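Subject: the structure I promised you

Hi,

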Amino acid sequence: MAEVVAINGGDKRKVMVAIDESECSHHALVWALDNLKDSLVNSPLVVFMAQPPSQQNLSFAANLGLARMYCPVSAEQHRKLTLALLEKAKEICAARGVSAETITEVGDPKVAICDAVEKNNVTLLILGDHGLGRIKQAILGSVSNYCVQYAKCPVLVVKKAH
């Protein structure tokens, strides 16, 4: 697991970055690697990505460092794409000298993230902010707002500067 040992040798901490296919998510991962690298050198970082429950015609947006492409995919294809994005995230971490462990769960992303935090004893959750407007946020809901309210640890929401 991604444990970061405190300087005093006392408690151990785990940092988890929850990603999706968005540019905001990629930015949050890179921000965490650039700003918390000294804390993450001795242990792996946990990178988490939720997979939606099995449904027929899912839409998947591939980004994480590439041009965004939307395409309909099956649940099995979505699982493969999720694993590919997690592998890409792991490579991004390795390129910055940080070892990463990847985890994926099936479920509604906001609930799956909070469940993973509790299940893996995470002490800091890092998320990207999609910057939804107030109307979209009210209609769609915000994963980051949900996690700030319900995650059993501190949550850091990384906003991309415009």
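Let's start with one residue. Leaving out neighbours up to four places away in sequence, Ser144 is in contact with Leu127, Gly128, Asp129 and Val157, where contact means heavy atoms within 4.5 Å. You'll find Ser144 in helix α5, which covers residues 143-150. Helices (H or I, at least four residues) and strands (E, at least two) are DSSP runs, numbered from the N terminus. Ser144 is buried, with a relative accessible area of 8%. Buried means under 20% relative accessible area, exposed means over 50%, and partly exposed is in between, using a 1.4 Å probe and protein chains only.

Before you go further, a word on where this comes from. It is a predicted model, in which local features need pLDDT of at least 70 and side-chain atom pairs count only at pLDDT 80 or more, while totals for chains, interfaces and linings use all residues. Residues are numbered from 1 along each chain as its sequence is written, and side-chain values use heavy atoms, with hydrogens and water left out.

The overall layout

The protein chain has five helices and nine strands. Going along the sequence, their order is β-β-β-α-β-β-β-α-β-α-β-α-α-β. Of its 162 residues, 39% count as buried. If you take the contacts with a separation of 6 or more, 72% of them are between residues 24 or more positions apart.

The cores

A nonpolar core here is a set of buried Ala, Val, Leu, Ile, Met, Phe, Trp, Tyr and Cys residues joined through side-chain atoms within 4.5 Å. As general background, nonpolar side chains tend to be buried together in soluble globular proteins.

Which residues touch the most other members of the largest core? They are Leu29, Leu45, Val47, Cys93 and Ile126, out of 22 residues in that core. At least two residues of this core come from each of β3 (15-18), α1 (23-40), β4 (45-51) and α2 (75-95). The largest share, seven residues, is supplied by α1.

Apart from neighbours within four places in sequence, Cys93 is in contact with Leu29, Leu33, Leu45, Val47, Val98 and Ala100. There is also a second, separate core of 17 residues, with Met16, Ala50, Leu127 and Cys147 among them.

Not counting residues up to four places away in sequence, Met16 touches Leu45, Val46, Phe48, Ile113, Ala116, Val117, Val122, Leu124, Leu125 and Ile126. One of these, Val122, is 106 residues from Met16 in sequence, yet their C-alpha atoms are 6.5 Å apart in space.

Two helices side by side

How do α1 and α2 pack? The angle is about 30 degrees and the axes are 10 Å apart; axes are lines fitted to C-alpha atoms, for helices over the stretch in contact, and angles run from 0 to 180 degrees between N-to-C directions. That makes α1 roughly parallel to α2, because angles under 35 degrees count as roughly parallel, over 145 as roughly antiparallel, 65 to 115 as roughly perpendicular and the rest as oblique.

On the α1 side, His26, Leu29, Val30 and Leu33 meet Ala89, Ile92 and Cys93 of α2. By class, this contact has six nonpolar, one polar and no charged residues. Ala, Val, Leu, Ile, Met, Phe, Trp, Tyr, Cys and Pro count as nonpolar, Asp, Glu, Lys and Arg as charged, and the others, Gly among them, as polar.

His26 counts as partly exposed, at 23% relative accessibility. His26 and Ala89 are 63 residues apart in sequence and 8.1 Å apart in space, C-alpha to C-alpha.

In helix α3 (residues 109-119), the residues Ala112, Ile113, Cys114, Ala116 and Val117 are buried. Their cover includes β3, β4, β8 (124-128) and α5.

Now find Asn121, in the loop between α3 and β8. Its phi is near 50 degrees, a positive value in a residue other than glycine. Is Asn121 buried or exposed? Asn121 counts as exposed, at 56% relative accessibility.

Ser22, in the loop between β3 and α1, is buried, with a relative accessible area of 4%. Between Ser22 and His130 there are 8.0 Å in space, C-alpha to C-alpha, and they are 108 residues apart in sequence.
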